[in-house]
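Biologist: I would like to learn how to read a fold from its computed features. Please take them one by one.

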Amino acid sequence: MTVSSVATTGTSTKQSSTQSLAGNFDTFLKLLTTQLKQQDPLQPMDATAFTAQLVQFATVEQAIQTNSKLSDLTAATTANQTMGAVGLIGQDAVASTKQVELPAGSDATIEYELPRAAASVQVTVRDANGRLVAQTTGETGAGDHQLAWNGQGIDGNRLRAGVYSVGIVAKDAAGTGIEATQLVRGTVQGVENGTSGVGLKLGALSVPLASLREVHAHTA
């Protein structure tokens, strides 16, 4: 069972935005103060212009406060999602993903769902560098399909165990594309906070919590 948390790019970006706003706020305040000190007493700043600058001053200050509150809200929401997802550990789940895990010494299961019957289904597998390593055809009927991939590459050799990207191109008789939904099944082994938000660990795969389709009690 694993529950991990890592610093996200989103958090870093929010901190950077807040620091940037704060820097602009301080700079604006210094410029306004200097302008008031250096103005000619016999020709003071126009009241309309001064009011406009004060409005800008208040707007920047409000933006800093809003950004800070949004950051706190996002952090609280992520924490709640993480704690809620912890309850899924040990459960069997079905999630949508375009990845597949090739286990060491055994086949991988590529699963996809078609909303209607197709005339052809082309299945491609690519490695982490985007290089095409395997391709085959799939079943064309409407509904859910599972395809066993033995891990053999285009050159006939067994590929190393790991995570691969899968592409499903389905077309009808007229050549019109049919959107296929790619799925993965597995037991939730952990929860993590990554750059894309809260994720579930299904073996070597990490799928976003939002991609979860089904959850069932684990069966041995």
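Predicted model: local features only at pLDDT ≥ 70, side-chain atom pairs only at ≥ 80, totals over all residues.

Modeller: Residues are numbered from 1 along each chain as its sequence is written, and side-chain values use heavy atoms, with hydrogens and water left out.

Biologist: How many helices and strands does the protein chain have?

Modeller: Helices (H or I, at least four residues) and strands (E, at least two) are DSSP runs, numbered from the N terminus. The protein chain has 2 helices and 13 strands. A contact means heavy atoms within 4.5 Å. Among contacts in the chain with a separation of 6 or more, 69% are between residues 24 or more positions apart.

Biologist: What share of the residues of the protein chain count as buried?

Modeller: Buried means under 20% relative accessible area, exposed over 50%, and partly exposed in between (1.4 Å probe, protein chains only). Here 28% of the 220 residues count as buried.

Biologist: Which residues have the most contacts inside the largest nonpolar core?

Modeller: A nonpolar core is a set of buried Ala, Val, Leu, Ile, Met, Phe, Trp, Tyr and Cys residues joined through side-chain atoms within 4.5 Å. The largest has 21 residues, and Ile110, Val121, Trp149, Tyr164 and Ile168 have the most contacts inside it. At least two residues of this core come from each of strand 3 (99-102), strand 4 (108-114), strand 5 (120-126), strand 6 (132-137), strand 7 (143-149) and strand 8 (162-171). Another core, of 12 residues, lies apart from it and includes Ile89, Ala93, Val188 and Leu205.

Biologist: Which strands pair with strand 8?

Modeller: Two strands pair if DSSP finds at least two bridges between them. Strand 8 is antiparallel to strand 3, over 4 bridges, and to strand 5, over 7 bridges. Leu102 stands opposite Gly162, and Val121 has Ala170 as its bridge partner. Strand 9 (residues 177-178) also pairs with strand 8 in the antiparallel sense, over 2 bridges, with Ile178 as the partner of Ala170. Their hairpin has 5 residues between the strands, and Gly175 there takes a positive phi near 85 degrees.

Biologist: Is Thr124 buried or exposed?

Modeller: Thr124, in strand 5, counts as buried because its relative accessible area is 18%. Beyond four places in sequence, Thr124 is in contact with Leu132, Ala134, Gln135, Ser165, Val166 and Gly167. By contrast, Gln91 counts as partly exposed because its relative accessible area is 24%. Gln91 is in the loop between helix 2 (47-86) and strand 2 (92-96). Residues that Gln91 touches include Gly186, Val188 and His216.

Biologist: Which residues line the largest cavity?

Modeller: On a 1 Å grid over the protein atoms alone, a cavity is a set of points where a 1.4 Å probe fits but cannot get out, and lining residues have an atom within 4 Å of a point. Points are joined across faces, edges and corners, and the volume is the space filled by probe spheres set on them. The count is 1 cavity of 30 Å³ or more, and the largest holds about 60 Å³. Its lining is Thr97, Gln99, Val100, Thr109, Ile110, Glu111, Val166, Gln182, Leu183 and Val184.

Key: 1 Å grid on protein atoms, 1.4 Å probe; cavity = no way out; pocket = protein on both sides within 12 Å on 5 of 7 lines; lining within 4 Å.
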